[in-house]
Amino acid sequence: MTTRTLTTESATSAELSHLVDHHEVVDAVLRYTRALDLADADLMTSALTPDATVDLTPATAKIGLEFPVLTPRETVVGALVGAVGPLDTSHSVTNPRSEITGDTAVLTCYAQAMHFLPGQGPDPVQTRHALMMNRYTARLVRDGATWRIQHLSIDSAWFEGDPTVLVSQV
């Protein structure tokens, strides 16, 4: 396998464009997860297409929860900002890999998320939590200059804690 170091002098326009697209595709998922942590409906809306679908069922079924597939964007935003937004949460996204073809992309990554009941996250004596390591598979489309998630499937790699924390605000 040959590796090539890209510099601004050696990179072609196509290579630079691909790097920018990869960054923007990852940013769409970061906007989505940040919106969960901040209960920010506008930020989540910016990450999703109007016909977006978020399918949490592969993850939630593994921990004994029933959660419907969410679509379109208004339903996704309302349900997730309402259910996760009040919780004390933090999402960390790692290992992003993208396949970009024109104005469509597929991104896979991990998202580790810690969830505490509202107001309990900073309390060091609280042990009731839901810690998840999820595998995200996102199909995205370019909408003008912005990449947006059209379909997001979330599957659980592992889980620790109390699953009912996740639905305590529903």
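## Helix H4 and its packing

The buried residues of H4 pack against H1, helix H2 (41-47) and strand S1 (48-55). They are Arg73, Val76, Val77, Leu80, Val81 and Ala83. Buried means under 20% relative accessible area, exposed over 50%, and partly exposed in between (1.4 Å probe, protein chains only). Helices (H or I, at least four residues) and strands (E, at least two) are DSSP runs, numbered from the N terminus.

This is a predicted model: local features need pLDDT of at least 70, side-chain atom pairs count only at pLDDT 80 or more, and totals for chains, interfaces and linings use all residues. Residues are numbered from 1 along each chain as its sequence is written, and side-chain values use heavy atoms, with hydrogens and water left out.

## Arg73, a buried charge

Arg73 lies in helix H4. Arg73 is buried yet has no salt bridge. A salt bridge is a side-chain nitrogen of Lys or Arg within 4 Å of a carboxyl oxygen of Asp or Glu. The nearest side chain of opposite charge is Glu74, 4.4 Å away. For charge, Lys and Arg count as positive and Asp and Glu as negative; His and the chain ends are not counted.

What does Arg73 contact, leaving aside its neighbours within four places in sequence? The partners are Thr45, Leu48, Thr49, Pro50 and Ala52. Contact means heavy atoms within 4.5 Å.

## The cavity

The structure holds 1 cavity of 30 Å³ or more. About 270 Å³ of space lies in the largest cavity. Among its 20 lining residues, Leu56, Val84, His115, Met132 and Leu166 are the closest to its centre. Helix H1 (13-38), helix H3 (57-62), helix H4 (73-83), strand S3 (104-116) and strand S4 (130-143) each give two or more residues to the lining. By class, the lining has 16 nonpolar, 4 polar and no charged residues.

A cavity is a set of points, on a 1 Å grid over the protein atoms alone, where a 1.4 Å probe fits but cannot get out; lining residues have an atom within 4 Å of a point. Grid points are joined across faces, edges and corners, and a volume is the space filled by probe spheres set on the points. Ala, Val, Leu, Ile, Met, Phe, Trp, Tyr, Cys and Pro count as nonpolar, Asp, Glu, Lys and Arg as charged, and the others, Gly among them, as polar.

## Salt bridges

The structure holds 6 salt bridges. One of them joins the side chains of Asp103 and Arg142 (2.6 Å, N to O). This pair links distant parts of the chain, 39 residues apart: Asp103 is in the loop between strand S2 (88-101) and S3, Arg142 in strand S4. Asp103 is partly exposed at 46% relative accessibility, and Arg142 is partly exposed at 27%. A network of salt bridges links Asp21, Asp103 and Arg142.

Arg128 forms a salt bridge with Asp162, with the closest N and O atoms 2.7 Å apart. This pair also links distant parts of the chain: Arg128 is in the loop between S3 and S4, Asp162 in the segment after strand S5 (146-161), 34 residues apart. Asp143 forms a salt bridge with Arg148, at 2.8 Å between the closest N and O atoms. Asp143 is partly exposed, with a relative accessible area of 38%, whereas Arg148 is buried at 15%.

## Ser98 in strand S2

Ser98 lies in strand S2. Ser98 counts as buried because its relative accessible area is 19%. Ser98 and His22 are 76 residues apart in sequence and 6.4 Å apart in space, C-alpha to C-alpha. Not counting residues up to four places away in sequence, Ser98 touches His22, Val25, Val106 and Leu107.

How values were computed. On a 1 Å grid over the protein atoms alone, a cavity is a set of points where a 1.4 Å probe fits but cannot get out, and a pocket is an open set with protein on both sides within 12 Å along at least five of seven lines; lining residues have an atom within 4 Å of a point.
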